[in-house]
Amino acid sequence: MDQARRLRAKTDRHPTTIAFASGKGGVGKTNVCVNTAVGLVELGQRVLIVDLDLGMANVHILLDAARSQTMVDCVKTRIPLLSAVQKHVHGVDILHGGSGLDALVQFSDSDMQFLMRELEVLTDYDYVLFDMGAGATDTSLQFIAGCDEMFLILTPEPTSLMDGYAYTKLVHQQYPDLPLGVIVNRAQSGEEALQCFERMEVACRQFLKKTIRFLGYLPDDPSVRKAVIAQVPFYTFDRKSDISWRLERILTTLTGTPPRQRHFMDRLMGNLRRQWNRV
């Protein structure tokens, strides 16, 4: 049994496992992953983030959490994986993959057997979110293949669409049955987000014969920058912001839980903020 099948066998019976991926860096993938996790916790779900973004691992920075032991540390020293999980950081648990995660491809059979046994810790959660690095490696593809679904994070820029399609094509060629959802980040409007998704959807349908689904979009919101500087998830920083409300729509798509209704003043202030930022 290959690594992907073994990962799936350990995870798909209990938690919902989602890989957050992007074709290029700088599209806000980690921020989307972190805030999705925080939003799920607010809905009463138990959530673990596994930070596998090797080049720019910054889940701990966004959540103002100190780095801890890593998955690789645990495997190499035979320390229980649970000991490396940071508990209740803004309600979310975190597991760092480690800067040496590429060593997974050189793990011995006994190393892999140990890791597979330890991954049973994931059954304690309702959702396990994998924050993948930008681009694809053999190691990251093994983890993606073990997940229930991949969420591709795009922005409306042509480079993001081009790299996102190339990433999707690579994953599809190896794992054609893996479901794919798309979140458009930093959109100026719903219309722009939908146009972005439609370009990706047409390319996937025509050239890959693959169906993808639109999960929603997140607007280009000034509260995100303020939240990052404060090292607080934007969903915690300002629950009344446009981006927090849009995140709730995505969570509705994911969980079926109805979003809270926006009151008149919330909508008015959101519109005024958008106009102010364009001046």
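The lining of the largest pocket comprises 10 nonpolar, eight polar and seven charged residues. Here Ala, Val, Leu, Ile, Met, Phe, Trp, Tyr, Cys and Pro count as nonpolar, Asp, Glu, Lys and Arg as charged, and the others, Gly among them, as polar. The model is predicted: local features need pLDDT of at least 70 and side-chain atom pairs pLDDT 80 or more, while totals for chains, interfaces and linings use all residues. Residues are numbered from 1 along each chain as its sequence is written, and side-chain values use heavy atoms, without hydrogens and water.

The volume of the largest pocket is about 490 Å³. A pocket is an open set of points on a 1 Å grid over the protein atoms alone, where a 1.4 Å probe fits, with protein on both sides within 12 Å along at least five of seven lines; lining residues have an atom within 4 Å of a point. Its volume is the space filled by probe spheres set on the points, which are joined across faces, edges and corners. The lining holds 25 residues, and Val 27, Gly 28, Lys 29, Asn 31 and Arg 186 lie nearest the centre. Two or more lining residues come from each of H2, helix H3 (59-62), strand E7 (180-187) and helix H9 (222-230). Helices (H or I, at least four residues) and strands (E, at least two) are DSSP runs, numbered from the N terminus.

Helix H2 (residues 29-42) also meets helix H11 (residues 242-255): their axes come within 10 Å and cross at roughly 70°. H2 is therefore roughly perpendicular to H11, a term for angles of 65 to 115 degrees. Axes are lines fitted to C-alpha atoms over the stretch in contact, and angles run from 0 to 180 degrees between N-to-C directions. From H2, the contact (heavy atoms within 4.5 Å) takes in Asn 35, Thr 36, Gly 39 and Leu 40, and from H11 Leu 247, Leu 251, Leu 254 and Thr 255. Four of these contact residues are nonpolar, four are polar and none is charged.

A second pair is formed by H7 and helix H8 (residues 190-208), whose axes come within 11 Å and cross at roughly 35°. Leu 161, Gly 164, Tyr 165, Thr 168, Lys 169 and His 172 of H7 face Cys 196, Arg 199, Met 200, Ala 203, Cys 204, Phe 207 and Leu 208 of H8. This contact has eight nonpolar, three polar and two charged residues. Tyr 165 belongs to helix H7 (residues 158-174). Beyond its neighbours within four places in sequence, Tyr 165 touches Met 200, Ala 203, Cys 204, Phe 207 and Leu 208.

Methods
Angles under 35 degrees count as roughly parallel, over 145 as roughly antiparallel, 65 to 115 as roughly perpendicular and the rest as oblique.
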